[in-house]
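Please keep the structure open while reading.

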Amino acid sequence: MADKKLYDENSIQSLTPLEFTRLRPGVYAGSTEYATQPMIEIVSNAIDEFKAGHGNIIEVKITSDNICSVRDYAQGFLINHYREDGKTILQAAFDTLNTSGKFTDDGVYEGTALGLNGIGSKLTNFLSHWLKVVSYRDGKFEEVNFEEGVFKSRQTGNTKEKSGTYVEWQPSEEFFHSNKVEINKIKELFNTLVCLCSGLTIKLSTPEEEITYYSKNGLNDLVDKKVKDNELINHRMHMEFENGRNKLDMIITYTSNYSLNMIPYVNTGETDAGPHITQIKTILTREFNKFFKEKKWLKDKDSNFSGDDIQEGLLIAFNITAPNVSYDAQTKTRIVKLDMTPFTTAITENIQNWFQSNEKEIKLIFDKASSARKARDAAKKAKEKIREGNKAKGLKAKMKLSKKFVDCISKNPSERNLLLVEGDSAGSAAIEARNTQTDCIYMLRGKIISPLKTAIDKIISNQEMSDIIQVIGAGFGKEFDVNKMNFDKIVITSDAKRMKLAV
């Protein structure tokens with residue numbers, strides 16, 4: 001037996017913030033597949049400045065050798081202003097973790113800044129070969145240079161440059177699978193940001209192109225890009241709410257899609273989970289069901305629609321501005337604390353007014369919710385049927401029409417093949433020619449229905465489709481698992497003429 005390893009006084013280490021970040025970059029950067037998060041962090045700081053009323057232009061450049069830069073025209077940092085630790089404010093903002101002017105609710109950012117942890121600019125510096133930051137303010141400038149996250153030099157002097165901050169860096173391939181920025185992701189982000197921040201212009205320069213992003217109609221422009229030609233109603237719900245530091249810009253519309261598309265932003269940062277998403281879905285489900293009952297579309301004896309039924313086809317886009325937001329990580333996609341109390345009444349009232357003003361269009365949503373419920377009920381029955389079939393012993397026991405399925409000798413799925421043939425005569429020929437050890441036969445009755453063009457309930461009620469699902473044994477729809485198949489291969493047999501026509 002190998003000797004147990006015991007830790008000693010040299011086993012416990014204390015790392016500096018720089019050392020820890022470079023050792024575990026994913027803790028703060030999230031995905032390290034590409035060097036995209038550092039760019040997002042610096043741009044987010046410029047966005048926070050815009051939201052505080054400073055600078056309506058942001059210039060972003062990415063070169064062919066992956067050098068990135070962001071220039072805003074906001075306040076800029078205080079110039080050559082030293083702290084007690086001997087660092088200037090500008091230097092500390094880029095090399096001292098948890099250093100920020102955004103911690104308090106009574107500061108210039110009112111507690112609603114996205115860069116609220118004092119980490120983002122340090123992350124960019126620590127994971128780069130080098131970084132240069134220049135602050136322009138009151139006719140003066142301060143430039144600070146870092147190499148591999150470590151301070152190297154500082155220059156100060158007079159300038160005619162407009163106030164603001166310029167940050168330039170080269171991400172290190174040591175910490176990313178690729179030290180390139182995902183251009184398409186950045187483009188999508190900028191498209192969204194200008195829609196969320198009315199009046200903001202972002203200029204992007206890459207080796208391939210130069211693009212200027214600006215939105216005339218705000219959130220409506222973002223929704224237009226998302227719905228394209230799939231929008232089914234003419235009157236969207238658009239609400240703009242403001243109460244102190246709490247603000248909400250929200251649009252709800254209805255499309256021909258078969259799922260909910262929610263675009264949830266908080267303090268201009270994209271999120272994917274949290275109490276805000278849960279609360280909005282709850283309000284929607286409650287208010288839709290309430291209105292459907294009032295209009296007698298949903299009878300008293302009928303049960304309420306589920307959230308999934310109602311949300312099918314809805315597109316909801318919003319940006320919440322709120323203080324005291326808590327996230328589970330620096331990437332800030334999952335919110336763990338956000339007080340929705342100031343927003344719930346306003347959302348409810350706007351939804352109710354939208355219903356009353358657009359009854360015919362809301363009826364479309366009811367009709368689709370009804371179809372969605374029927375489809376889900378059919379899918380549930382299908383799953384139950386499949387589970388019941390799987391409990392039966394042997395494949396023949398699963399079949400209502402056992403003569404349509406001919407089993408083989410081997411029970412090892414890796415050796416078994418399922419041959420689908422058309423008609424009894426073809427089935428007889430296949431049975432005679434097959435390898436009885438490994439080949440199973442299922443005989444179809446003429447042309448089978450198309451699952452791509454048929455509703456789920458009709459698929460399940462079709463005997464042959466139901467039989468095939470059970471024989472294959474791997475489940476149905478989203479629960480389909482290829483690893484659970486009763487066969488290694490499924491072979492569609494056809495004569496040459498029919499195959500030519502199929503092709």
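## A sheet of mixed pairing

In β13, Ala-317 is the bridge partner of Ile-263; helices (H or I, at least four residues) and strands (E, at least two) are DSSP runs, numbered from the N terminus. The model is predicted, so that local features need pLDDT of at least 70 and side-chain atom pairs count only at pLDDT 80 or more, whereas totals for chains, interfaces and linings use all residues. Residues are numbered from 1 along each chain as its sequence is written, and side-chain values use heavy atoms, with hydrogens and water left out.

Strand β11 (residues 261-266) and strand β13 (residues 314-321) pair in the parallel sense over 6 bridges, where two strands are said to pair if DSSP finds at least two bridges between them. Of the 6 residues of β11, 5 are buried, and the strand is therefore described as mostly covered; buried means under 20% relative accessible area, exposed over 50% and partly exposed in between, with a 1.4 Å probe and protein chains only. With β12 the sense is antiparallel, over 2 bridges, and Tyr-265 stands opposite Glu-270 in β12. These two strands, β11 and β12, form a hairpin with 2 residues between them, and Asn-267 in the turn has a positive phi of about 50 degrees.

The open sheet to which these strands belong has 5 strands in the order β9-β10-β13-β11-β12, with mixed pairing. Its edge strands, each pairing on one side only, are β9 (237-243) and β12 (269-270). Strand β9 is joined to β10 (residues 246-254) by 7 bridges, and the two run antiparallel; His-238 stands opposite Ile-251 in β10.

## Two nonpolar cores

Which members of the largest nonpolar core touch the most other members? They are Met-39, Val-60, Phe-94, Phe-190 and Ile-202, out of 43 residues. A nonpolar core is a set of buried Ala, Val, Leu, Ile, Met, Phe, Trp, Tyr and Cys residues joined through side-chain atoms within 4.5 Å. Apart from this core lies another, of 41 residues, among them Met-262, Ile-280, Phe-288 and Ile-362.

Leaving aside residues up to four places away in sequence, the contacts of Phe-94 include Ile-42, Phe-77, Leu-131, Val-133, Phe-146 and Val-167, and also Ser-121, Lys-122 and Asn-125; contact means heavy atoms within 4.5 Å.

## Aromatic rings

A search of the whole structure finds 14 aromatic pairs. Rings of Phe, Tyr and Trp (its six-membered ring) pair if their centres lie within 6.5 Å, and planes under 30 degrees apart count as stacked, over 60 as edge-to-face and the rest as tilted. Phe-288 and Phe-355 form a tilted pair, 4.7 Å centre to centre and with 45 degrees between the planes. This pair links distant parts of the chain, Phe-288 being in helix α8 (residues 275-294) and Phe-355 in helix α10 (residues 341-357), 67 residues apart. Both Phe-288 and Phe-355 are buried.

The pair of Phe-292 and Trp-297 is also tilted, because the ring centres are 6.0 Å apart and the planes are at 40 degrees. Phe-292 counts as buried because its relative accessibility is 0%, and Trp-297, with a relative accessible area of 17%, is buried. One aromatic cluster is formed by Phe-288, Phe-291, Phe-292, Trp-297, Phe-305, Trp-354, Phe-355 and Phe-366. Lys-363 lies over the face of Trp-297, at 5.8 Å from the ring centre, and Arg-71 lies over the face of Tyr-73, at 4.1 Å; a charge sits over a ring if NZ of Lys or CZ of Arg is within 6 Å of the ring centre and within 35 degrees of the ring normal.

In helix α12 (residues 423-433), Gly-423, Gly-427 and Ala-430 are buried. These residues are on the same side of α12 because they cover an arc of only 70 degrees around the axis, the arc being that of the directions from the helix axis to the C-beta atoms. On the other side of α12, Asp-424, Ser-425 and Glu-432 are exposed. The cover over the buried residues of α12 includes β17 (417-422) and β18 (439-444).

## An exposed loop residue and the whole chain

Asp-229 has its place in the loop between α7 (219-227) and β9, and it is exposed, with a relative accessible area of 78%. From C-alpha to C-alpha, Asp-229 and Ser-256 are 9.1 Å apart in space, and they are 27 residues apart in sequence.

The protein has 15 helices and 19 strands, and 48% of its 503 residues count as buried. Of the contacts with a separation of 6 or more, 65% are accounted for by residues 24 or more positions apart.
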